[in-house]
Amino acid sequence: MKSPVQPPRWARWLLIKLHPDNTLEEVTGDLDELYTYWYNRSGKTQATLRYLLNVVSVLPPFVRRRHTDKHYYRQPDYPATFSLQFMMIQNYLKIAFRNLKRQKVSTSINIVGLAIGLATCILILLYVQDELSYDRYNEKADRIFRVALNARLNGEDVGGPMLGPNAARDIQREIPEISKATRILRGGEFVSNETSSFKEDNLLYADSNFCEVFTIPFLKGNPKQALTEPNTVVLTEETARKYFGNQDPVGKVLLFSREKTPHRITGVVRNVPTNAHFRFDMLVSSTDYDEQHIGWLYSINFYTYVLLSEKYNYKQAEAKIARLAEKQIGGELEGFLHLTPKQFREKGDDFGVFLQPLTDIHLYSTFGRNELTPGGNILYIYVLMAIAAFMLLIACVNFMNLTTATAVRRSREIGVRKVLGSVKGQLRQQFLTESVLLAIAALIVGLMIVGLSLPFFNLLTGKTLTLGLLTNAFVAAGLVVGTVLVGLLAGSYPAFYLSSFKPVAVLKGRITAGRGNFNLRSGLVAFQFFITISMIIATVTADRQLRYMQRQKIGFNREQVLIIHNTQMLSKNETLFRDKIIQSPQVITGSISGQVPIGNSALDNTPIMSRENPDKAVMSRFYKVDDEYIPTLGMQVVLGRNFSKNLSTDSSAVILNETAVRALGWQQNPIGKELIGHIDDNGVKTYYRVIGVVSDFHFESLRQKIGPLAMFLGGNSGNILVKTRPGELPQFLASLKQQWESFSPAAPFSYSFLDDRFKQVYLGEQKIEQVLTLFSGLTIFIACLGLFGLATYTAEQRTKEIGVRKVLGASAGSVVALLSMDFLKPILIALVLASPAAWWGMNQWLKEFAYKVTVDWWFFALAGLLAIGIALLTVSFQSIKAALTNPIKSLRSE
Amino acid sequence: MQRTYLGEFEEMVLLMVAILNGEGYGVTISEALAAHTGRIVAFGTVHNTLIRLEEKGVVTSELGGATAERGGRRKRLFRITAPGSRALREIQQLRQNLWLLLPPDMLQPGNL
């Protein structure tokens, strides 16, 4: 039946199309009724107009939607339940525990994965925090600066952190902004008291105002007067205990050096913190060093620090100091080279000073071996921070993946819960509780891992990190809050995704996780393997470089060479001792020399000039040796001859290495040519005649290119190098010690082996390799966890498909291949992306070395194969399990 | 739980639902509004308000009473609920109390 009057059809059509479905019936009816009413009252036009207006008023966006969900409407007769009640939380926890207990494997994998990520992160943060805290123990750290020299000579950077002895005095006198300037001088001394004698390598000569600039807490003695008198010394707690046990050392005397100069102890200070750019066991007053040489450029050995008065800009002070330096150094250059600063600069050389903030010295200073302690590198800090962030990110992503994968198994539970009246909010809370619980468990496990691995980590990094930082309330709160956030974030996806399942669909066993999610997941896998592959490539490269350096022909024989140190302490008996040693059947040859190749031979370059071309100076190292030196170290004389004891003229002879010959520009036979030696006070020049050329050998590490080297006969002292026959070493060493002590020197007997020293040089590279191996191991592990989670998830999702395939005759092998193929693609993409990135990064690192391996294509192939192999192994566990499942099991539930 | 808050128009519509006593639906409520208050409002306004009132739990609705005039379509008939009538009574009580607080003759025309 139709009513007699009908509203316009197109308006009705509009209404039907656009009005919400669930209220369409009554609204259409109401409007029809109204239309009839208007039609009867005011006619067709009026009615149509009003009808239209009212249709628009019930179209979106004006219309309010009616919710079909019954519980959307309040049941006002009952108080609404507040969903976060104690009872409910208790229930969530109970169910969470039950679930986690039931799925032991996935729970533990999940916890371990996140725990390792967190542990790595915490360890790295501890390390970084320590690196950043260098020298901050000084109360005036922000106002202390070091004055460093910036100089170029003959195209070579010869700047450093040290200045001549007078710089500090001049600065303090001339520049009002500087409230104090103080110097320290590195030293090594043989120190003895009645009972014992030690070689103190770690002592510093310091000015009397040292303790006013740096914060050195005194346990005994007066800091103001401790270093004012000459021959006074301040010990650290540890050193005091070494010499005096538990006695009070203040006022007692220590004997210094061969001459046994007495030094009075005026104080005991607390041990210097490990995070300081200089450490000392003893502070010796340097008052007697004053005015020895006048100047900034002579005897450049003094680390000069300035304390800026409060509220002064350090850039202004720096400019003033630079002006002062220009005057002083310029004057000295003029006296020395007869060049004005302008002429000096025109030659392409340069000089100047600049200020280094104290707290930047450790991480930013680039003076390498001239530093008081080996410096850090801000670049490593950034790299480590990036690794920490990536590790945490990957761990979180995996945590999310695994949580989602296991949660899908629980879709039935969700269905039942929904049927029994759970609302979405409650389900969400349930899942979030679980994941937060997991995250907190992971944090606890992670902290345990940190606690257990800290000793090894300290061994690796050479630091003494403690968990002390973690007891800081802020850090602890940050960790807990961070972990809870990770838990919430990781739980949010399963929580929101699963709680929106339709119970009917779930209970019928029809959950369809969209394939769209797979892309996101593949992306994450690719990202993880990008990092993993990069790490593998980095590890392989570092390993190759290390092996290359150790295998490299170094130009001398380092096997079976024993070095006895500090033999200058025997004074006249040094040669006697050597002659005695040589008589031992164990010894082939023995040589006395101050210079030993490889190791921290902090030698400076000295210019040498050939006689015919005195303007061309070649910066060269000097070795003072004797006639046995070259045979002892097995160096090759390629031209001419070795020094000879029997020729008195050899005292003015020189042996060069090949590089030096090349640098001096001698094309033909260099034998017989002459070098200009030193000029004595009367202006008489001595000349050194070249008698031989040795083949190049690495006298430092392979990081440096082999430089020019000149060897001179005599004036040598310091070490006895002994080439020994293999075997019976302990007895030999014991007899050496006995002989040493028969001379009763002030120094203890100490020795090292040349090949040990050689290894020491590459300790840094070894550590880098170890750290890289560790981190790549960890990233591989974590990436595998992620892959495992994903494989579990997809296998779960495709159970039915696999069942059908098997029923239709697919073999287990083909199903495994099918499941594995999905994962190969992201890994291949990762390989393609990682290769150039790693190639670039490793080439950057290799730039530090003068002698290096090339990054070969097979590094990438190896890393790729390794990654794919590990990935397939991980995935195959799940895919084989899925492929071997009886199809009845998977298809029965339909 | 705090008291349900009702806007002025919502209060009017709720009163109309109560007045129509189970016979209230879109058309009758609009007409009653027009008749008693003189307000002509768009149908959508009434429709939305009714949905909002139902969400607030002061009315319930059910479908029924199809007529030929509406092409055989059912009406959504509204009925006031217990909380609804409580809300109306509370509003009235509140007004009453406020009126009692007025100073005498305050609203007399001459006073303003």
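R70(B) is a buried residue, with a relative accessibility of 0%. Buried here means under 20% relative accessible area, exposed means over 50%, and partly exposed lies in between (1.4 Å probe, protein chains only).

This is a predicted model, in which local features need pLDDT of at least 70 and side-chain atom pairs count only at pLDDT 80 or more, while totals for chains, interfaces and linings use all residues. Residues are numbered from 1 along each chain as its sequence is written, chains are lettered from A and ligands numbered from 1 in the order in which they are written, and side-chain values use heavy atoms, with hydrogens and water left out.

**Salt bridges**

R70(B) has two partners to look at. A salt bridge puts a side-chain nitrogen of Lys or Arg within 4 Å of a carboxyl oxygen of Asp or Glu. R70(B) makes one with D30(A) and one with E33(A). The table gives these and two others.

| Pair | Closest N to O distance |
|---|---|
| R70(B) and D30(A) | 2.6 Å |
| R73(B) and D32(A) | 2.9 Å |

Helices (H or I, at least four residues) and strands (E, at least two) are DSSP runs, numbered from the N terminus. E33(A) is buried too, at 8% relative accessible area.

The salt bridge of D32(A) and R73(B) also joins two chains, because D32(A) sits in α2 (residues 24-42) of chain A and R73(B) in the loop between β1 and β2 of chain B. D32(A) is buried, at 6% relative accessibility.

E10(B) is buried at 7% relative accessibility. K56(B) is partly exposed, at 21%. Elsewhere, salt bridges with shared partners tie R12(A), D32(A) and R73(B) into one network.

Over all chains, the structure holds 27 salt bridges. Seven of them cross the interface of chain B and chain A.

**The interface**

Contact means heavy atoms within 4.5 Å. By that rule, 27 residues of chain B touch 32 residues of chain A. The two chains bury about 2,800 Å² between them, and carbon and sulfur atoms give 53% of this. Buried area is the accessible area (1.4 Å probe) that two parts lose on being put together, summed over both. On the chain B side, F43(B), E55(B) and R73(B) lose the most area to chain A, together 23% of what that side buries.

Polar contacts link 15 residue pairs between the chains, both residues at pLDDT 80 or more. Such a contact is a pair of N or O atoms within 3.5 Å; within protein, one must be able to donate a hydrogen and the other to accept it, and residues adjacent in sequence count only if both atoms are side-chain atoms.

Four elements of chain B each give two or more residues to the side that touches chain A: α2 (26-37), α3 (43-55), β1 (59-64) and β2 (75-80). The largest share, eight residues, comes from α3(B).

**Helix α5 of chain A**

Helix α5(A) covers residues 104-132. Of its 29 residues, 22 are buried.

Methods:
The expected span of a helix is 1.5 Å times one less than its number of residues.
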